[in-house]
Amino acid sequence: RVGAQLVVGLLAAVLSLLAERCWAEGGDPSLADRVIWAVNAGGEAHVDVHGIHFRKDPLEGKVGKASDYGMRLPILRSSPEDQILYQTERYNEDTFGYDIPIRDEGDYILVMKYAEVYFAQSQQKVFDVRLNGHVVVKDLDIFDRVGHSTAHDEIVPFSIRGKLSVQGEVSTFNGKLNVEFVKGYYDNPKVCALYVMKGTLEDVPKLQPHPGLEKHSEGGEEGGKKRAQAVSKSRVQSGPRTPNPYATDNSSLMFPILVAFGVFIPTLFCLCRL
């Protein structure tokens, strides 16, 4: 019996070592394994080319309206297999959002997918995005960013270590990430798809390049609110103050002299006639 137990123990140790070696050789978990939550807004479930499983929209029949208007259009910058993630959307006539449960601490990335399939000019649909009350994307105008029927991703990194930290702001965290699409002055807020993954900006798959089309660099520290701050900092200031046109006006000094001449000349004329 002792011999049998020894053999079993040795086998267990060998299997454990083999498992650890296989894990080490396997490297980091795949992109799909890092994704903790993903939704195809306004659409059905879909597995993309990276293996990310987007679930059917949980807000269906509860909040806002689903639209598949984009299904009639090809979406630039997106692979043919994943165009569905940009062709369907959920919008609402008021602010709406999703609650995403997050249990573990660490570094995360929120990726939001968009395409403007209806409006054909800028300043027609403009809205903000909030993360637990923090404005992380300010004045998002999809058409102004990339044009019509073109894929655009907004990428927002954040971290959770007891508290939520995003774009230099910190707040308490109760286990739920609330992503809100905020109603603005121009039309209704919307989203086509979104997901949350563990990792950094370098881990996020990039859209296909489209030279000359992308007007703004996407995501993270270059996106959202900081883009708006950069715009405000780059505004051309007005020129030097205009000099006061009355600062060198000597008319007040000339007035008594003119009055004196006006009185002196008639008086002199009268004296000469006498």
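N132 is partly exposed, with a relative accessible area of 22%; partly exposed lies between buried (under 20%) and exposed (over 50%), using a 1.4 Å probe and protein chains only. This is a predicted model, in which local features need pLDDT of at least 70, side-chain atom pairs count only at pLDDT 80 or more, and totals for chains, interfaces and linings use all residues. Residues are numbered from 1 along each chain as its sequence is written, and side-chain values use heavy atoms, without hydrogens and water.

Here are two residues to look at for their backbone angles. Most residues other than glycine have a negative phi.

| Residue | Phi | Place | Relative accessible area |

Strands here are DSSP runs (E, at least two residues), numbered from the N terminus. An open sheet of 8 strands runs in the order β2-β3-β1-β15-β7-β10-β11-β12, with mixed pairing; two strands pair if DSSP finds at least two bridges between them. Its edge strands, β2 (46–47) and β12 (169–172), each pair on one side only. Strands β10 (residues 152–161) and β11 (residues 163–166) are antiparallel over 3 bridges, and R161 stands opposite K163 in β11.

Now a word on confidence. The protein chain has a mean pLDDT of 80, with 67% of its residues at 70 or more; pLDDT is the predictor's confidence in each residue, from 0 to 100. Over residues 216–253 the pLDDT is below 50. Where pLDDT is low, the predicted coordinates should not be read in detail.

Definitions and conventions
Helices (H or I, at least four residues) and strands (E, at least two) are DSSP runs, numbered from the N terminus. Contact means heavy atoms within 4.5 Å.
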